[in-house]
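Subject: Structure handover

Hello,

Here is the structure you will be working with. Please open it and keep it beside you while you read.

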Amino acid sequence: TTADTDRISLVLGALIDIGPLLQADIKAGYAEQDYRIADAASGLVYVGKMTWYASPLVTLTLDAVREFRGSVFTTSGGEFDTQPATTDRFTLVADWEPLRKLLVSLRSSWSVERTENANRRDTLIDTEIRAQYAVSANVNAHLEISRQLGQSPLFGDVNRTYFSFGLSTPY
């Protein structure tokens, strides 16, 4: 958001190699974000990423994030209001390279945003399949299919399907 805020955070982390096939990057700490026109949000924050190289052709990645941000909505009087929100997001990504020129990715994420002062909880499940094929040294074909399902007491339910196909080339 464009809300005027001050943020203080103390976060510590580690990058851990658990053998040649597994890496973990973990950060955790405390953060406080003060919105000058609203209340403050504070507490535990974390960022974690674990990558497993299951085979030379398959990589699995798990991401977890907790962050604070401003959630903007319109009041009954028609004015914009900013309330602090806590967002937790978990994402699993599988990358598969069955051919040297073909990369297939499957990504699925679940997120929940809680706005305590507005007594609101929004959830979103997002699943996506992508494929990229190198047609030639300068031309790539892309295919993407994604599906979003969500619930929000303020914005209603989300039920979206997205399909995209295209060609790209550097210029």
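Below are some notes on what was found in it.

**Ground rules**

This is a predicted model, so local features need pLDDT of at least 70, side-chain atom pairs count only at pLDDT 80 or more, and totals for chains, interfaces and linings use all residues. Residues are numbered from 1 along each chain as its sequence is written, and side-chain values use heavy atoms, with hydrogens and water left out.

**The overall fold**

The protein chain has zero helices and nine strands. Both are DSSP runs, numbered from the N terminus: helices are H or I with at least four residues, strands are E with at least two. Along the sequence the pattern reads β-β-β-β-β-β-β-β-β.

The chain has 171 residues, and 26% of them count as buried. Buried means under 20% relative accessible area, exposed means over 50%, and partly exposed lies in between (1.4 Å probe, protein chains only). Now take contacts, meaning heavy atoms within 4.5 Å. Among those between residues at least 6 apart in sequence, 42% join residues at least 24 apart.

**Strand 4: Thr61**

Thr61 sits in strand 4 (residues 58–74). Is Thr61 buried or exposed? Thr61 counts as buried, because its relative accessibility is 10%. Leave aside neighbours within four places in sequence, and Thr61 touches Lys49, Met50, Thr51, Thr91, Leu92 and Val93.

**An aromatic pair**

Rings of Phe, Tyr and Trp (its six-membered ring) pair if their centres lie within 6.5 Å; planes under 30 degrees apart count as stacked, over 60 as edge-to-face and the rest as tilted. By this rule there is one aromatic pair. The ring centres of Phe90 and Trp110 are 5.9 Å apart and their planes meet at 20°, so the pair is stacked. Distant parts of the chain are linked here: Phe90 is in strand 5 (residues 80–99) and Trp110 is in strand 6, 20 residues apart. Phe90 is partly exposed, at 33% relative accessible area. Trp110 is partly exposed, with a relative accessible area of 33%.

Asp126 belongs to strand 7. With 11% relative accessibility, Asp126 counts as buried. Which side chain does the Asp126 side chain meet in a polar contact? The partner is the side chain of Arg107, at 3.2 Å. A polar contact is a pair of N or O atoms within 3.5 Å; within protein, one must be able to donate a hydrogen and the other to accept it, and residues adjacent in sequence count only if both atoms are side-chain atoms. Beyond its neighbours within four places in sequence, Asp126 is in contact with Arg107, Ser108, Ser109, Ser146, Arg147 and Gln148.

Ile129 also lies in strand 7. Its relative accessible area is 45%, so Ile129 is partly exposed. Ile129 and Leu143 are 14 residues apart in sequence, and their C-alpha atoms are 8.1 Å apart in space. Contacts of Ile129 outside four places in sequence are Ser105, Leu106, Leu143, Glu144 and Ile145.

**Strand 8: Gln148**

Gln148 is in strand 8 (residues 140–151). Its side chain makes a polar contact with the side chain of Arg160, at 2.8 Å. Setting aside neighbours within four places in sequence, Gln148 is in contact with Leu124, Ile125, Asp126, Val158, Asn159 and Arg160. Gln148 and Ser108 are 40 residues apart in sequence, yet 9.8 Å apart in space, C-alpha to C-alpha.

**Pockets**

A pocket is found on a 1 Å grid over the protein atoms alone: it is an open set of points where a 1.4 Å probe fits, with protein on both sides within 12 Å along at least five of seven lines, and lining residues have an atom within 4 Å of a point.

The largest pocket is lined by 15 residues. Nearest its centre lie Glu113, Asp122, Thr123, Leu124 and Ser152. Strand 6 (102–115), strand 7 (120–134), strand 8 and strand 9 (158–168) each supply at least two residues of this lining.

The lining of the second largest pocket includes Leu103, Arg130, His142 and Phe165. Strands 6, 7, 8 and 9 each give two or more residues to that lining.

Best wishes
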